[in-house]
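Me: Could you walk me through this model, piece by piece? I'd like to go over the sheet, some helices and a couple of single residues.

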Amino acid sequence: MTTTKILATRAGVAERAVENRHLRRVWGLPGTALGATGWPVDWPARVHVRFSYWWQAHLLDCFLDAQLRSPTDARLGVIRRLVRGIRVRNLVGWTNEYYDDIAWLGLALQRAARAGVAKPKAVAAIARRLRAGWTDDAGGGIWWRRDDDFKNVPANGPAAIFFARLAAAGGDRADLDRARSTVDWLEERLLDRGTGLFWDGLHVHPDGSVREVETTVYTYCQGVVLGACVELGDDYADRAAAVIAAVDDSLAADGVLRGHGGGDGGLFGGILARYLALAALRLDRPEAVRAAEIVHRSAEAVWANRVTVLGEPLFGPEWTERAERPAAGRAERDLSVQLGGWMALEAAASLERNGIMPSSRG
């Protein structure tokens with residue numbers, strides 16, 4: 001078995017584990033699916049009392065990764081059911097009050113269209129909402145949610161990627177300007193110039209001035225800025241390279257991305273791995289090699305520290321530590337944690353498909 005086959009196989013095993021454990025119909029309706037937020041699945045998770053909209057967007061993204069790895073009609077059917085399940089469970093349409101949530105779903109739906117599951121009205125609705133989220137308060141940027149005082153990287157980063165991809169697909173030229181303006185605003189307001197890393201966000205006074213900067217550093221903030229810079233091409237390539245260098249220097253232990261626990265934090269490392277892989281494939285800078293190495297080493301740690309439960313892998317929230325069997329209060333129960341590990345494995349498999357192999361450095 002070749003190295004390429006090994007990594008693809010690992011990603012496939014992770015896919016089956018998530019599908020078997022977490023996928024459930026929405027209220028028994030045919031043609032729908034969502035990911036139960038925890039496993040073993042209790043009754044609130046079984047009936048999707050807790051929706052976790054943005055987790056579902058990343059679940060959809062993971063199945064789209066898998067479709068690129070090994071296209072099948074059966075998986076395309078899962079993708080269709082997930083898209084419908086998100087719409088059914090969201091009740092009020094495709095959007096909600098959180099701009100970061102809808103940006104994540106917008107990115108997944110853009111990719112779904114390329115796979116053959118197009119929802120143009122949904123993408124258009126998300127685009128309208130995100131465009132409306134930009135204001136001149138604090139010099140620019142999109143709010144975290146409607147009627148709030150917080151603007152952050154997790155809303156603006158994926159929105160910038162979304163706008164750049166809209167423009168690249170033949171959309172409104174103004175969306176490309178929106179993407180550029182968003183990244184420029186993030187760099188001006190939320191870049192820690194000492195470390196090269198991006199802070200979480202900032203709070204705004206009613207008069208539009210900055211009240212407070214939240215200086216917490218999260219891995220996924222770096223991932224979405226990196227992804228936006230890669231989408232914006234050569235003019236932003238040096239910025240992308242700088243993000244990779246900062247991540248390598250500060251957020252990876254021996255090349256393995258650090259974790260942020262369970263809950264929403266379970267997704268953070270996987271998101272950064274996704275965009276590091278994108279940079280490794282598309283960035284024409286020496287740092288692309290560093291990006292690939294982080295992806296490969298992180299994915300190897302995900303796999304090496306898994307546990308096997310009922311014949312299938314289960315991943316932990318901290319990839320350098322051995323995962324534990326799921327129990328009440330443990331992060332391993334969370335769909336987010338399992339998606340984070342699966343994303344890292346798919347990211348590594350995507351590099352292998354394109355001939356970017358792990359180094360032999362010990």
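Reply: What follows goes from the sheet to the helices and then to single residues.

Reply: This is a predicted model, in which local features need pLDDT of at least 70 and side-chain atom pairs count only at pLDDT 80 or more, while totals for chains, interfaces and linings use all residues. Residues are numbered from 1 along each chain as its sequence is written, and side-chain values use heavy atoms, with hydrogens and water left out.

Me: OK, what is the strand order in the open sheet of three strands?

Reply: The order is β3-β6-β7, with antiparallel pairing; strands here are DSSP runs of E with at least two residues, helices are runs of H or I with at least four, and both are numbered from the N terminus. Two strands pair if DSSP finds at least two bridges between them. The edge strands, each pairing on one side only, are β3 (150-152) and β7 (210-214).

Me: And how many bridges join β3 and β6?

Reply: Three bridges join β3 to β6 (residues 201-204) in the antiparallel sense, and Phe150 stands opposite His203 of β6 there. On the β7 side, β6 pairs over four bridges, again antiparallel, with Glu212 of β7 as the bridge partner of His203.

Me: Which residue takes a positive phi in the hairpin of β6 and β7?

Reply: That is Gly208, with a phi near 95 degrees, in a hairpin that has five residues between the strands.

Me: Switching to helices: at what angle do α5 and α6 pack?

Reply: Helix α5 (residues 99-115) and helix α6 (residues 120-132) pack at about 145 degrees with their axes 10 Å apart, where axes are lines fitted to C-alpha atoms, for helices over the stretch in contact, and angles run from 0 to 180 degrees between N-to-C directions.

Me: Which residues make that contact?

Reply: From α5 they are Tyr99, Ile102, Ala103, Leu105, Gly106, Leu109 and Gln110, and from α6 they are Ala122, Val123, Ile126, Arg129 and Leu130, contact being heavy atoms within 4.5 Å. These residues divide into nine nonpolar, two polar and one charged, with Ala, Val, Leu, Ile, Met, Phe, Trp, Tyr, Cys and Pro counted as nonpolar, Asp, Glu, Lys and Arg as charged, and the others, Gly among them, as polar.

Me: Which residues of α6 are buried?

Reply: Ala122, Val123, Ala125, Ile126, Ala127, Arg129 and Leu130 are buried in α6, and what covers them includes α5 and α7 (153-168). Buried means under 20% relative accessible area, exposed over 50%, and partly exposed in between (1.4 Å probe, protein chains only).

Me: What about α10, what do its buried residues pack against?

Reply: The buried residues of α10 (residues 237-250), among them Ala237, Val243 and Ile244, pack against β5 (197-198), α9 (219-231), β8 (252-253), β9 (256-257), α11 (268-282) and α12 (287-304).

Me: Now Thr182, buried or exposed?

Reply: Thr182, which is found in helix α8, counts as buried because its relative accessibility is 1%. Leaving aside residues up to four places away in sequence, Thr182 touches Trp134, Asn156 and Ala160.

Me: Last one: how far apart are the C-alpha atoms of Arg16 and Glu312?

Reply: They are separated by 8.2 Å, although Arg16 and Glu312 are 296 residues apart along the chain. Arg16 has its place in helix α1 (residues 3-22) and, at a relative accessible area of 47%, is partly exposed.

How values were computed. Expected span 1.5 Å × (residues − 1).
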